[in-house]
Amino acid sequence: MIFHQQPTTYPKHVHLMVKNLSSATNFYEQILGLHILEKTPSIVKFTANGQDAILTIEETIVPKNHVPNVAGLYHMAFLVPSKEELGSVFNHIRSSGYPFSGASDHMVSEALYLNDVDGNGIEIYYDRSPETWNWQNSQVEMTIDPLDIKSLMANAEQTTVWSGMPLGTVMGHVHLSVANLAEAESFYVQGLGFDIVNRYGTQALFISSNSYHHHIALNIWGHPSSIERDEHTLGLKNYSIVYPNEEAREIVVLRLKEMGVSVSELNGYVSAIDPSGIDVQLFVR
């Protein structure tokens with residue numbers, strides 16, 4: 001996972017607000033195969049490697065009705081180490097009877113899609129070798145082709161007991177629905193320092209660090225609108241980005257402040273609010 005370690009800047013953790021902690025916990029533990037790292041009456045933190053939190057779910061006491069087509073999480077993407085392990089994940093979820101929402105070959109990767117019990121989008125994928133990625137003028141080619149399910153199943157690890165999501169699983173990327181693509185580009189590229197690696201017309205933007213195919217994706221499909229978020233808003237509460245060192249983060253913080261972005265320097269991290277109202281937490285490795 002060379003694109004999710006120093007000196008790369010990458011997403012690491014997602015925090016969701018859910019309606020029912022018990023049902024959401026069951027999904028992420030039994031269906032997705034994450035392991036509980038910490039648990040309180042209102043919050044559960046999940047891990048893949050047994051040490052680092054990759055996902056936090058929090059139950060809101062006063063859940064608001066779901067508002068369709070708003071800015072926020074389009075999907076969070078769990079990156080597994082190999083095609084064999086993706087095949088094992090596929091076999092497990094299929095055998096559970098939980099429905100998939102899609103499956104695609106993106107040329108740089110192969111991916112499965114589903115929604116959690118609250119409707120939050122999830123991608124599970126593995127990357128093909130970077131040597132096979134096709135770059136033209138600093139833009140990486142990605143496709144949306146049908147996934148060869150038979151090939152995926154044939155390559156699945158031959159294990160009799162499901163032990164959960166692979167230990168090497170990381171938060172590969174975060175895909176966001178945003179209210180204004182130009183404003184989002186300014187925040188994430190000029191502000192946070194990511195590079196543009198693919199433009200999908202005027203509708204979507206894929207950005208990354210260290211020539212990954214994308215650490216963050218931004219889209220305006222369906223023309224999502226911003227909403228005022230509070231502690232009861234369902235869906236994405238925040239997500240984290242990890243910088244290689246304090247100096248790199250400090251440069252970003254200074255740029256954001258010059259741009260007039262709402263920035264709060266808190267205990268151990270910096271919170272920056274993007275133009276769609278999404279809380280992005282900036283950490284140092």
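1. Contact here means heavy atoms within 4.5 Å. On that basis Tyr 239 touches His 13, Val 14, Val 174, Leu 176, Tyr 188, Ile 216, Ile 278, Asp 279, Val 280 and Gln 281, leaving out residues up to four places away in sequence. The model is a predicted one.

2. Tyr 239 also belongs to the largest nonpolar core, which has 62 residues. Another core, of 14 residues, lies apart from it and includes Leu 79, Ala 111, Tyr 125 and Ala 217. In soluble globular proteins, nonpolar side chains tend to be buried together.

3. The sheet comes next. Nine strands form an open sheet with mixed pairing, in the order β11-β6-β7-β8-β5-β12-β15-β14-β13. Its edge strands are β11 (145–146) and β13 (195–200), each of which pairs on one side only.

4. Strand β7 (residues 109–115) is largely enclosed by the rest of the structure, because six of its seven residues are buried. Strand β6 (residues 102–105) pairs with β7 in the antiparallel sense over four bridges, and Gly 102 stands opposite Tyr 113 in β7. Between β7 and strand β8 (residues 121–127) the pairing is again antiparallel, over seven bridges. Tyr 113 has Glu 123 as its bridge partner in β8, while Leu 114 has Ile 122.

5. Five residues separate β7 from β8, where Gly 119 in the turn has a positive phi of about 90 degrees.

6. Helix α2 (residues 83–96) lies across β7 and β8, and runs at about 145 degrees to β8. Helix α4 lies across β12 (170–177), β13, β14 (204–208) and β15 (216–219), and its direction is at about 5 degrees to β14.

7. Helix α4 (residues 181–191) also packs with helix α5 (residues 246–258): their axes come within 10 Å and cross at roughly 145 degrees. The residues that meet are Phe 187, Gln 190 and Gly 191 from α4, and Val 252, Arg 255 and Leu 256 from α5. By class, this contact has three nonpolar, two polar and one charged residues.

8. The count of salt bridges comes to seven. One of them joins Glu 185 and Arg 199, with the closest N and O atoms 2.9 Å apart. This pair links distant parts of the chain, Glu 185 being in helix α4 and Arg 199 in strand β13, 14 residues apart. Glu 185 has a relative accessible area of 18%, so it is buried; Arg 199 has 44%, so it is partly exposed.

9. Glu 246 counts as partly exposed at 39% relative accessibility, whereas Arg 249 counts as buried at 9%.

10. A further salt bridge is formed by the side chains of Glu 265 and Lys 257 (2.7 Å, N to O). Lys 257 is partly exposed, with 43% relative accessibility. Elsewhere, salt bridges that share partners join Lys 83, Asp 105, Glu 110 and Arg 128 into one network.

Notes:
Residues are numbered from 1 along each chain as its sequence is written. This is a predicted model: local features need pLDDT of at least 70, side-chain atom pairs count only at pLDDT 80 or more; totals for chains, interfaces and linings use all residues. Side-chain values use heavy atoms; hydrogens and water are left out. Axes are lines fitted to C-alpha atoms, for helices over the stretch in contact, and angles run from 0 to 180 degrees between N-to-C directions. Helices (H or I, at least four residues) and strands (E, at least two) are DSSP runs, numbered from the N terminus. Ala, Val, Leu, Ile, Met, Phe, Trp, Tyr, Cys and Pro count as nonpolar, Asp, Glu, Lys and Arg as charged, and the others, Gly among them, as polar. Buried means under 20% relative accessible area, exposed over 50%, partly exposed in between (1.4 Å probe, protein chains only). Two strands pair if DSSP finds at least two bridges between them. A nonpolar core is a set of buried Ala, Val, Leu, Ile, Met, Phe, Trp, Tyr and Cys residues joined through side-chain atoms within 4.5 Å. A salt bridge is a side-chain nitrogen of Lys or Arg within 4 Å of a carboxyl oxygen of Asp or Glu.
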